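The sequence and model are shown first.

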Amino acid sequence: MGYNLADKIIKEHLVSGSMKPGEEAALRIDQTLTQDATGTMAYLEFEAMGLDRVKTELSVAYIDHNTLQSGFENADDHRYIQTVAKKHGVWFSRPGNGICHQVHLERFGVPGKTLIGSDSHTPTAGGLGMLAFGAGGLDVAVAMGGGAYYITMPRVIKVELKGALRPFVTAKDISLEILRILSVKGGVGKIIEWGGEGAKTLTVPERATITNMGAELGATSSIFPSDEMTLAFLKAQGREKDFRKLQPDADAEYERVIEIDLSSLEPLIACPHMPDRVVTVKSLKGTKVDQVCIGSCTNSSLYDMLKAAAMLKGRQISPDVSMSVSPGSRQVLTMLSDCGALSDILSSGARLLECACGPCIGMGFSPNSGGVSLRTFNRNFRGRSGTADAKVYLVSPETAVASALTGEITDPRELGMEKLDVKLPAAFKLDDSALLPPAPADKAGEVEVLRGPNIKSIPEGKALTDTIEAGLTLKVGDNITTDHIMPAGAKILPYRSNIPKLSEFCFAVCDESFSKRALEAGQSFIVGGANYGQGSSREHAALVPLYLGVRAVVAKSFARIHQANLINAGILPLSFKDPEDYDRLEQGEKLVLSGILEGLETGEMTLHAKAGDIKLLCSFTRRQQEILKAGGLLNYTREGNK
């Protein structure tokens, strides 16, 4: 039996463990990335381990999330990240240089290499043939220090693309189609491998849109082959030397093969408030639109922007629509300006925002109250935009522009425009002046790490005991996202390096009194439904509950990254043996969890509740058991383990 793409790269990077699905595999990591919403914690954790210098081939710190500097907090974080990166051997991408995934694709991604990043959309690099994973900051810190990255060996789903896209049908529509097929839970424990004749027609930016959206499936990663399209992109970036051809073996096997005929697809749209609530654009024809946003790490490439500019040229957006455009990188913005496409965008009445994440994480440009916002982003969770009652839809740039022009949800094919004749240039404009190299190792001792007053110490876990007695301080339902647990937005993100202050906002979307109640309780349990912790990789959704005294989360099922972050924080993630037992628990009751230490090994524990005993399941590797016993990965690593 031959190897698929993911298995080929895993085999080359396997440090220990097994490649058998469901078993633990330890991987050597070639590259890491962080961004500023998660990076401060990652570097505080790196420092806490007592490490002097990163040991990866390449590590990059990006500033792209917290760029709105309405107070000193974000600027202080950026200064800290810049100095700690310089001291410890990490490249630094300055504010305004662009979104981490777009810049990494342009300047650093290498086919066949491994990458982990403290951002759930790190698998964007799979569009270039990398095997990339979103992870918690502590996992990234360990990898920077030369430690392995541990995954539960995933199964691989093949998506076979046939035919070619018709005019005004896009890679974003392919992403929404696979979400329609699999749902936000359908990729859990899986790697999505894309291929087929149809894949050969897609450019690297189009492929990156698809691998970016794979995070919304809950997938471990997503990957495309490295082929002639990959070579053309790297050549245009002046990085032809980084090319490596990568294809699956002809006899590679997959858990499942899904076929998508590109020629039969039509423009799609994800309805509020989940990325898998997918319908056709034409089915919502006539729905009034208040706001349109083009950008994010999903659709901010030069290719996306040139298509939007071509549709806007000589036209005006509806007077009832507010529209923003956020280029994904300084390279994209510069090339838009040089070719005149930026003028076409601005002349339409659109507003130009910084080359950053911006509205995608609620960092400005929030919709009006009750507004309908069409966004080319990857997530439309309730309240993520910064407006609690906004209705956010996910669309392609073409659908976004068509709707901005008409003032209502519009299938772009109905505008009567001809096929857009947009091609990527043979050579991109190269200017890496905003990418700052680290200090040489022999000069690192001269670098002073600068910390502001908002940067507080990280919370540390407690060694695990055999019994935990605590109250059930919060009970929530299915599909609780990390945005529910630890919201983002312009008012909250500045406190990402201040866990005590940040804790005031924990679960505020669900229950504004939770934080105060949990802190007063001292230690507590949380109960959740299915797919608990989906969405962003933000480890703050584990670190803040740790600070608030949460010792265990009991749920019907967990999202991959959040489950790993809970373990890293020393919080027990446990599942109901019988999901119907969820209904037997009441918020506010006292619970006793017993047989913990033995249960780590046997995979079963008992929760003593008012309604009687409830059996809980867990499946931890030997390493995860030791991490939990130690009170988290930081304690475990300090004890000499990696």
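The paragraphs below describe the sheet, the helix across it and the loop residue.

## Basis of the model

The model is predicted: local features need pLDDT of at least 70, side-chain atom pairs count only at pLDDT 80 or more, and totals for chains, interfaces and linings use all residues. Residues are numbered from 1 along each chain as its sequence is written, and side-chain values use heavy atoms, leaving out hydrogens and water.

Four strands form an open sheet in the order 11-10-9-12, with parallel pairing. Strand 11 (221-223) and strand 12 (256-261) stand at the edges with a single partner strand each, so one side of each has no neighbour in the sheet. From one strand to the next, the twist averages 20 degrees. Strands are DSSP runs (E, at least two residues), as are helices (H or I, at least four), numbered from the N terminus; two strands pair if DSSP finds at least two bridges between them.

Six bridges link strand 9 (residues 155-162) and strand 12 in the parallel sense. Lys162 stands opposite Asp261 in strand 12.

## The helix across the sheet

Helix 6 (residues 171-182) lies across strand 9, strand 10 (190-195) and strand 12, and runs at about 135 degrees to strand 12. Axes are lines fitted to C-alpha atoms, for helices over the stretch in contact (heavy atoms within 4.5 Å), and angles run from 0 to 180 degrees between N-to-C directions.

## Asn378

The loop between strand 18 (372-375) and strand 19 (391-394) holds Asn378. Asn378 is buried, with a relative accessible area of 0%; buried means under 20%, exposed over 50% and partly exposed in between (1.4 Å probe, protein chains only).

The side chain of Asn378 makes polar contacts with those of Asn212, at 3.2 Å, and Thr298, at 2.9 Å. A polar contact is a pair of N or O atoms within 3.5 Å; within protein, one must be able to donate a hydrogen and the other to accept it, and residues adjacent in sequence count only if both atoms are side-chain atoms. Leaving aside neighbours within four places in sequence, the residues in contact with Asn378 include His121, Met213, Glu216 and Leu394.
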